[in-house]
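Morning, everyone. Please have a look at the structure on the screen before I start.

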Amino acid sequence: MGVRAPGAELNNALPPHSCALFEKGPHGDQIASGLLPDHGGRMATARSPCNPQSTVDLGAQYITRTPHYAKKHQSFYDELLAHGILKPLTSLIEGMVMKEGDCNFVAPQGLSSIVKHYLEESGAEVSFRHRVTRINLRNDKWEVSKETGSPERFDIVVLTMPVPQILQLRGDIANLISECQRQQLESVRYSSRYALGLFYEAGTKIDVPWAGQYITSNPCTRFISIDNKKRNIESSEVGPSLVVHTTVPFAVTYLEHSTEDVRELIYQQLESILPGLPQPVVTKCQKWRYSQVISAPANSHGQLTLHREPFLVCGGDGFTQSNFDGCVSSALCVLEALKNQI
């Protein structure tokens with residue numbers, strides 16, 4: 001059975017409508033990850049089409065390690081720090097609330113580099129831009145259908161998309177979910193946000209004393225970051241990048257509006273906060289319909305096994321909490337469930 005632990009170690013970082021698919025035989029694992037064009041999911045790092053070296057984190061902004069998880073997940077942090085994937089956050093973030101013993105980290109190459117590292121370590125075959133739509137039970141295997149292409153069959157399926165998208169899947173899986181399991185899945189709640197990334201020409205100056213700032217007095221804007229400054233990768237050859245995260249109420253109000261309209265509204269509010277801001281060369285607006293978990297199902301233990309033979313399990317931060325340690329905790333629970341099954 002081609003199941004390797006590293007490929008599951010950050011399972012929620014796979015994009016929406018993603019799942020890990022395992023088949024017996026010499027070819028090992030296959031991980032099909034869904035809608036986004038690259039690694040990361042809600043740890044997405046966008047690149048400027050004008051200069052691929054110019055990047056901006058559109059989802060998670062930094063990782064906070066608490067004293068509890070510094071011990072519990074020490075090996076994960078040690079590995080990422082040793083590879084230079086994580087580095088301590090040393091830039092000024094105005095309005096950040098720090099608790100005693102907490103330590104914050106950034107990813108110089110963008111937070112998607114964490115996901116990329118684990119997938120490369122796993123040796124898994126990875127594909128993007130695939131939306132899983134249907135899962136059926138066929139001759140003791142899972143037949144997985146996507147929006148395009150022929151169905152494929154697998155021995156094990158691990159679903160890590162946001163929980164509401166699990167409930168949207170069609171096929172036999174809809175009938176295999178028990179009433180109790182369905183109630184658990186339906187109890188998961190997420191917040192929503194928009195993120196706007198802005199890329200600038202090399203040499204552009206954004207004259208603020210901070211690398212990030214939490215905003216408390218604007219109905220639209222919650223957080224602003226000069227992203228390359230936050231990650232300490234400022235360069236005269238690469239223009240700065242900036243990201244804006246909206247408030248949850250703003251996102252809820254405009255959730256079904258066009259991206260272009262929302263982009264303009266966010267930019268107008270940004271200009272009111274930072275008057276005289278230079279014009280970007282390109283922008284990217286990202287809707288996070290499922291941003292952060294507000295409530296996870298009770299007694300889920302980091303995963304929910306929907307079917308045992310063949311094995312189908314759900315995991316991700318929807319069953320823990322929306323941060324790096326929540327993802328790792330769920331991945332370890334999924335891994336334990338897989339080991340017990342095989």
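I will go through a sheet, then a helix, then the cores.

Some ground rules. This is a predicted model, where local features need pLDDT of at least 70 and side-chain atom pairs count only at pLDDT 80 or more, while totals for chains, interfaces and linings use all residues. Residues are numbered from 1 along each chain as its sequence is written, and side-chain values use heavy atoms, with hydrogens and water left out.

Start with the sheet. Strands are DSSP runs of E, at least two residues, and helices are runs of H or I, at least four, numbered from the N terminus. Two strands pair if DSSP finds at least two bridges between them. In general, strands of a sheet pair through backbone hydrogen bonds, parallel or antiparallel.

Here we have an open sheet of six strands. The order is β7-β16-β17-β18-β15-β19, and the pairing is mixed. Its edges are β7 (93-94) and β19 (282-288), each pairing on one side only.

Now β15, residues 193-199. It pairs antiparallel with β19 over seven bridges. Ala 195 has Gln 286 in β19 as its bridge partner. Helix α9, residues 259-273, packs on this sheet. α9 touches β15, β17 (221-226), β18 (241-246) and β19; contact means heavy atoms within 4.5 Å. The directions of α9 and β15 make about 70 degrees. Those axes are lines fitted to C-alpha atoms, for helices over the stretch in contact, with angles from 0 to 180 degrees between N-to-C directions.

Next, β18. β15 and β18 run antiparallel, joined by five bridges. Leu 196 stands opposite Val 244 in β18. β17 and β18 also run antiparallel, again with five bridges. There, Ser 225 has Val 243 as its bridge partner.

Is β18 buried or exposed? Six of its six residues are buried, so β18 is largely enclosed by the rest of the structure. Buried means under 20% relative accessible area, exposed over 50%, partly exposed in between, with a 1.4 Å probe and protein chains only. Ser 241, Val 243 and His 245 are on one side; Leu 242, Val 244 and Thr 246 are on the other.

Last, the cores. A nonpolar core is a set of buried Ala, Val, Leu, Ile, Met, Phe, Trp, Tyr and Cys residues joined through side-chain atoms within 4.5 Å. The largest has 23 residues, and Ile 135, Leu 159, Ile 173 and Leu 312 touch the most other members.
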